[in-house]
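Let's take a walk through this structure together, one stop at a time. Have the sequence and the model open side by side as you read.

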Amino acid sequence: MTKKQVVNLIYLAEKYNGKSDLDIVFAVAGKEVDGEYKETNFLYTIGKEKKIIPISRLWNCLLTLAKGKTKKIYLEELNELIKVYKFPQVYLEQMAYVNPEDGRSYYLRDHTLVWG
């Protein structure tokens with residue numbers, strides 16, 4: 001994983017934990033950062049502080065960044081975000097999103113209903 005990928009994922013993790021963009025920048029500025037996927041979690045360090053966050057929470061935060069009002073636009077935006085944040089395919093096959101047109105949850109892999 002490149003440093004840019006690690007920093008991007010740390011951004012999602014810290015954003016999920018309620019930090020502002022400015023707080024996140026100050027938290028990582030000038031500090032050594034590292035991260036790795038381990039089973040269903042993302043383990044990361046900022047300086048000497050070690051943290052862990054479930055990948056599902058990173059995904060939930062990523063979903064809030066896509067703003068499309070139609071399914072087509074939302075999925076296009078989500079696809080661009082997935083490219084930026086480099087979610088491994090093995091995780092993407094298990095993830096779901098909410099269609100902004102009907103409010104129902106669908107699996108990303110095949111767009112079938114999650115519950116139904």
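Is Glu39 buried or exposed? The model is a predicted one, and in it Glu39 has a relative accessible area of 67%. A residue counts as exposed when this value is over 50%, so Glu39 is exposed.

Stay with Glu39 for a moment and look at where it sits: the loop between strand 1 (33-38) and strand 2 (41-46). Its backbone deserves a glance too. Most residues other than glycine have a negative phi. Glu39, however, has a phi near 55°, a positive value in a residue other than glycine. Leaving aside residues up to four places away in sequence, Glu39 touches Ile55 and Tyr91.

Now move along to another loop, the one between helix 4 (71-85) and helix 5 (89-92), where you will find Lys86. Lys86 is not a glycine either, yet its phi is positive, at about 55°. What is the relative accessible area of Lys86? The value is 45%, so Lys86 is partly exposed, given that this class lies between 20% and 50%.

Two packed helices are described by the angle between their axes and the distance between the axes. Begin with helix 1 (residues 3-16) and helix 3 (residues 55-65), whose axes are 9 Å apart and pack at an angle of about 90°. Angles of 65 to 115 degrees count as roughly perpendicular, and helix 1 and helix 3 are therefore roughly perpendicular to each other. On the helix 1 side, the contact uses Leu9, Leu12, Ala13, Lys15 and Tyr16, which meet Arg57, Leu58, Cys61, Leu62 and Leu65 in helix 3.

How do the axes of helix 3 and helix 4 cross? They come within 9 Å and cross at roughly 130°, so helix 3 and helix 4 are oblique to each other. The crossing is right-handed.

Conventions. Residues numbered from 1 in each chain as written. Predicted model: local features only at pLDDT ≥ 70, side-chain atom pairs only at ≥ 80, totals over all residues. Heavy atoms only, no water. Helix = DSSP H or I, 4+ residues; strand = E, 2+ residues; numbered from the N terminus. Buried < 20%, exposed > 50% of the residue type's maximum accessible area, 1.4 Å probe, protein only. Axes fitted to C-alpha atoms, helices over the stretch in contact; angles between N-to-C directions. Parallel < 35°, antiparallel > 145°, perpendicular 65-115°, else oblique. Contact = heavy atoms within 4.5 Å. Left-handed = near helix turned anticlockwise from the far one by under 90°.
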